[in-house]
Amino acid sequence: MRIAKRAGFDGIELNISEDEYLTPDTPDADVEKFKELAQNISLEIFTVSSGLWWNYPLTSPDKKIAEHGMYLVRKGLYIARLLGAETLLVVPGMVTPEVSYDAAYERALAALKTLAEDAKREGVIIGVENVWNKFLLSPLEARGFIDAVGSPFVRFYLDVGNLLAYGYPEQWIKILGSRITAVHVKDFHANIGNWNGFTNPMQGDVNWIAVRNALREIDYNGPITAEIPGYKTLPDLGIKHAGESLKRIFKSASASRRDSSL
């Protein structure tokens, strides 16, 4: 948190995992300590993320696994509320050799319609993220999916870097519009085209000016969070460079709130 603050970030995204600092079983008092630590250095916790739904997908054909995924969303919403976060990032499911695209769509839609009530009760938005899960592969489909859930508490968490392998982030932004609740930023080398292609903002092939202008066009005023690999050497310098880059690009985009977080 202190490194992020020194690097000029306005906030931070905390991650829930099974066995690290913040888990689904972390006692409430300890969760609130994270909030207090952030407040003590004037750092906001805008969003909460988790990769737990890769192991417990909402679209699993195994009911026990899918039900545990639902439980983890509910726990994540509760933790996000304790932290004062606005949005919980949720991976909606995945298409696999065992789970067909139509089955994944139906299961994810049903799950999120149910979880929308939990999100409303906690006052935290579920942000459905575009990840490399072979699901929701076009902005039109993503828009239709969010509209089908039909709740202001289920919106879209747009990851700019993840999109470059199969689309153009600025187009997704304009099509999704007000359905976007939060934004992840990292860069991507399209000529590499796999996990090794991810890099820090301004070092890959994302058209950052087009992304900035698209966000301005839809009047987006939420957080822009750097989800970055950083530098192997002097990682704190990598965070500092990312913070400076994001400020240069996005702080000039609008007079409205456009916070950067790590």
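This is a predicted model: local features need pLDDT of at least 70, side-chain atom pairs count only at pLDDT 80 or more; totals for chains, interfaces and linings use all residues.
**S60**

One of its polar atoms lies 3.1 Å from the backbone nitrogen of D62. I then looked up where S60 sits: it is in the loop between β2 (44-50) and α3 (63-83). Is S60 buried or exposed? I noted a relative accessibility of 12%; the cut-off for buried is under 20%, so S60 counts as buried. Setting aside neighbours within four places in sequence, I found S60 in contact with I65, A66 and R107.

**G76**

I went on to G76, which is found in helix α3.

**Helix α5**

Next I listed the buried residues of α5, a helix that covers residues 139-149. They are P139, A142, F145, I146 and V149. Why do they lie on the same side of α5? They cover an arc of only 120° around the axis, and that puts them on the same side of the helix. I checked what covers these buried residues and found α4 (101-122), β4 (125-129), β5 (154-159) and α7 (169-176) among the elements that do. Just after α5 I came to G150, which takes a positive phi of about 75°.

**F156**

I followed β5 to F156, which has its place in that strand. With 0% relative accessibility, F156 counts as buried. I listed what F156 touches beyond residues up to four places away in sequence: G127, V128, N130, A142, I146, W172, L176, R179, I180, T181 and A182. A142 and I146 in that list had already come up as buried residues of α5. I also looked up R143: its C-alpha atom is separated from that of F156 by 8.5 Å, and the two residues are 13 apart along the chain.

**D187**

I then turned to D187, in strand β7 (residues 187-188). D187 is buried yet has no salt bridge. Which side chain of opposite charge is nearest to D187? I found K186, and it is 10 Å away. I looked for polar partners of the D187 side chain and noted two backbone nitrogens. That of Q203 lies 3.2 Å from a polar atom of the side chain, and that of D205 is reached at 3.1 Å. Leaving out neighbours within four places in sequence, D187 is in contact with G197, F198, T199, N200, P201, M202, Q203, G204, D205, V206 and W208.

**Whole chain**

Last, I took the totals for the chain. The secondary structure comes to 9 helices and 10 strands. The C-alpha atoms fill a box of roughly 45 × 45 × 35 Å along the principal axes. I compared the radius of gyration with the value for a compact globule: with 262 residues that value would be near 18 Å, and the chain has 18 Å, so the two agree. Buried residues make up 52% of the 262 residues. I also looked at contacts between residues at least 6 apart in sequence, and 77% of them join residues at least 24 apart.

Methods:
Residues are numbered from 1 along each chain as its sequence is written. Side-chain values use heavy atoms; hydrogens and water are left out. Buried means under 20% relative accessible area, exposed over 50%, partly exposed in between (1.4 Å probe, protein chains only). Helices (H or I, at least four residues) and strands (E, at least two) are DSSP runs, numbered from the N terminus. The arc is that of the directions from the helix axis to the C-beta atoms. Contact means heavy atoms within 4.5 Å. A polar contact is a pair of N or O atoms within 3.5 Å; within protein, one must be able to donate a hydrogen and the other to accept it, and residues adjacent in sequence count only if both atoms are side-chain atoms. Lys and Arg count as positive and Asp and Glu as negative; His and the chain ends are not counted. A salt bridge is a side-chain nitrogen of Lys or Arg within 4 Å of a carboxyl oxygen of Asp or Glu. The radius of gyration is taken over C-alpha atoms; the globule rule is 2.2 Å times the number of residues to the power 0.38.
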